[in-house]
Amino acid sequence: MIKKVTGKLFNSITRKSRMKKISILIDNGLPIQMKSILNYLVTGHSDEKTAAVVKLAEGRRKEIAGKGDEKIPIWYSPKPDSSGSDTSINARPQPGKVLEFTMKRIAMTGKNQTWGTVLYLLAREFESSVGIELGTCAGISSMYLSSAPNVKLIITVEGSEALANIARESLKSNQNVKVVNALFDEAIDFELPSLDSKIDMAFIDGHHEKIATIHYFNKILPFLNPGSVVIFDDISWSHDMRDAWNILSNRNEFLHAMDLGELGVCIVKKRSDNPEMKPLYWDLQPIVGRRSIGDPHGWKE
Ligand SMILES: C[S@@+](CC[C@H](N)C(=O)[O-])C[C@H]1O[C@@H](n2cnc3c(N)ncnc32)[C@H](O)[C@@H]1O
């Protein structure tokens with residue numbers, strides 16, 4: 001409670017200077033699309049359209065949470081280093097064990113309102129058209145992503161059949177989402193080569209283990225258009241995931257790598273960009289709030 005109040009006080013005192021920092025970063029080359037996203041994270045204010053998207057997604061979250069102690073299988077992220085060392089596209093990192101979560105916990109497992117809104121704004125501001133999401137859960141983040149006006153198709157992948165069905169229910173009004181009940185590797189193999197065009201957005205939000213995360217990115221990379229947005233979730237969830245981010249955010253395929261603490265957002269280079277150049281790294285945590293690196297527990301051996 002005290003932490004919450006001091007946090008709020010700190011936020012309001014520093015708001016002006018953080019807003020000023022955003023303008024300075026934009027002047028120094030941070031993608032302009034990040035302006036409204038950072039402004040939202042600093043002020044909490046959003047426009048009417050965004051508020052309507054939030055209302056729908058959070059209404060559905062409440063509905064799911066309302067199912068309380070009913071249990072559902074979920075593929076829990078495996079222990080760091082349990083996926084071997086092969087990040088190549090031919091590898092098959094082993095997914096985590098299937099655990100039973102209550103619906104109350106499932107509702108909290110997806111991105112919360114703030115980060116769901118950020119996903120919506122990322123898809124909107126970068127004008128994403130076709131994207132893949134690895135890790136659907138109950139479909140809350142897919143609701144946010146697919147509500148952006150330019151989005152024609154989101155392919156979202158979930159290993160748990162029960163969760164995929166819950167997500168289909170969440171997304172019944174979002175005609176631009178295809179929920180695929182499969183392992184991530186299988187879905188990438190089947191879905192991406194059969195599309196008419198390449199994709200321009202990827203959100204990797206499941207199987208949070210370094211080798212697996214790098215592997216999924218390597219596998220998606222040939223299907224990404226220049227200028228694509230790649231969002232890595234939970235980059236501060238564990239030291240292992242921070243390692244993944246440190247490696248990925250230094251890859252020459254990216255022009256920008258932006259550290260929001262909770263998410264890492266990367267922009268794929270265009271053909272006119274120097275292929276040898278390292279990405280421009282933007283530590284945005286001083287603006288949006290520092291995230292300490294987690295120490296996940298509860299591993300089931
Ligand atoms: C963190 S949740 C996704 C949350 C969702 N993106 C949201 O914000 O609403 C990760 C999901 O990925 C699924 N998952 C994890 N590893 C998987 C794998 N290798 N293949 C398929 N699904 C997997 C889990 O069952 C879980 O529902």
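## Contacts and the model

Two residues are in contact if heavy atoms of theirs lie within 4.5 Å. By this rule, and not counting residues up to four places away in sequence, Ile106 touches Ile64, Ile72, Ile74, Phe101, Cys137, Ala138 and Leu163.

The model is predicted, so local features need pLDDT of at least 70 and side-chain atom pairs count only at pLDDT 80 or more, while totals for chains, interfaces and linings use all residues. Residues are numbered from 1 along each chain as its sequence is written, and side-chain values use heavy atoms, with hydrogens and water left out.

## Nonpolar cores

A residue is called buried under 20% relative accessible area, exposed over 50% and partly exposed in between, as computed with a 1.4 Å probe on protein chains only. A nonpolar core is a set of buried Ala, Val, Leu, Ile, Met, Phe, Trp, Tyr and Cys residues joined through side-chain atoms within 4.5 Å. In soluble globular proteins, nonpolar side chains tend to be buried together.

The largest nonpolar core has 58 residues, of which Met34, Ile106, Leu122, Ile231, Leu260 and Leu263 touch the most other members. Helix α5 (residues 113–125) gives the most to this core, with 7 residues. Helices (H or I, at least four residues) and strands (E, at least two) are DSSP runs, numbered from the N terminus. A second, separate core of 30 residues includes Ile199, Ala202, Phe217 and Ala257.

Ile231 is placed in strand β7 (residues 224–233). Ile231 counts as buried because its relative accessibility is 1%. Apart from neighbours within four places in sequence, Ile231 is in contact with Leu119, Leu122, Met201, Ala202, Phe203, Ile204, Leu263, Gly264 and Val265.

## Aromatic pairs

Rings of Phe, Tyr and Trp (its six-membered ring) pair if their centres lie within 6.5 Å; planes under 30 degrees apart count as stacked, over 60 as edge-to-face and the rest as tilted. By this rule the count comes to 7 aromatic pairs. One of them is the edge-to-face pair of Phe184 and Tyr216, with 5.3 Å centre to centre and 80° between the planes. This pair links distant parts of the chain, 32 residues apart: Phe184 belongs to helix α8 (residues 184–191) and Tyr216 to helix α9 (residues 210–220). Both Phe184 and Tyr216 are buried.

Trp245 and Tyr281 form a tilted pair, at 6.2 Å centre to centre and 55° between the planes. Trp245 lies in helix α10 (residues 239–248) and Tyr281 in strand β10 (residues 280–283), so the pair ties together parts that are 36 residues apart in sequence. Trp245 is buried, at 1% relative accessibility, whereas Tyr281 is partly exposed, with a relative accessible area of 39%. Trp245 and Tyr281 also belong to one aromatic cluster with Phe217, Phe232 and Phe254.

Is helix α9 enclosed or exposed? Of its 11 residues, 11 are buried, so α9 is largely enclosed by the rest of the structure. Its buried residues include Lys210, His215, Tyr216, Phe217 and Lys219. The elements that cover them include β3, α8, β6, β7, α10 and β8 (254–259).

Asp185 lies in helix α8 and is buried at 4% relative accessibility. Not counting residues up to four places away in sequence, Asp185 touches Ala91, Arg92, Pro93, His215, Tyr216 and Lys219.

A residue is near a molecule if one of its heavy atoms lies within 4 Å of it. Of the 21 residues around the ligand, Lys111, Gly135, Ser141, Glu158 and Asp205 come nearest. A polar contact is a pair of N or O atoms within 3.5 Å; within protein, one must be able to donate a hydrogen and the other to accept it, and residues adjacent in sequence count only if both atoms are side-chain atoms. A polar side-chain atom of Glu158 lies 2.6 Å from an oxygen atom of the ligand, and a backbone N or O atom of Gly135 lies 2.7 Å from a ligand nitrogen atom. For His207, a polar side-chain atom lies 3.3 Å from a nitrogen atom of the ligand.

Most residues other than glycine have a negative phi. His207, however, has a positive phi of about 55° although it is not a glycine. His207 is found in the loop between β6 (199–204) and α9, and is buried at 7% relative accessibility. Cys137 likewise has a positive phi of about 55°. Cys137 lies in the loop between β3 (130–134) and α6 (140–146) and counts as buried at 11% relative accessibility.
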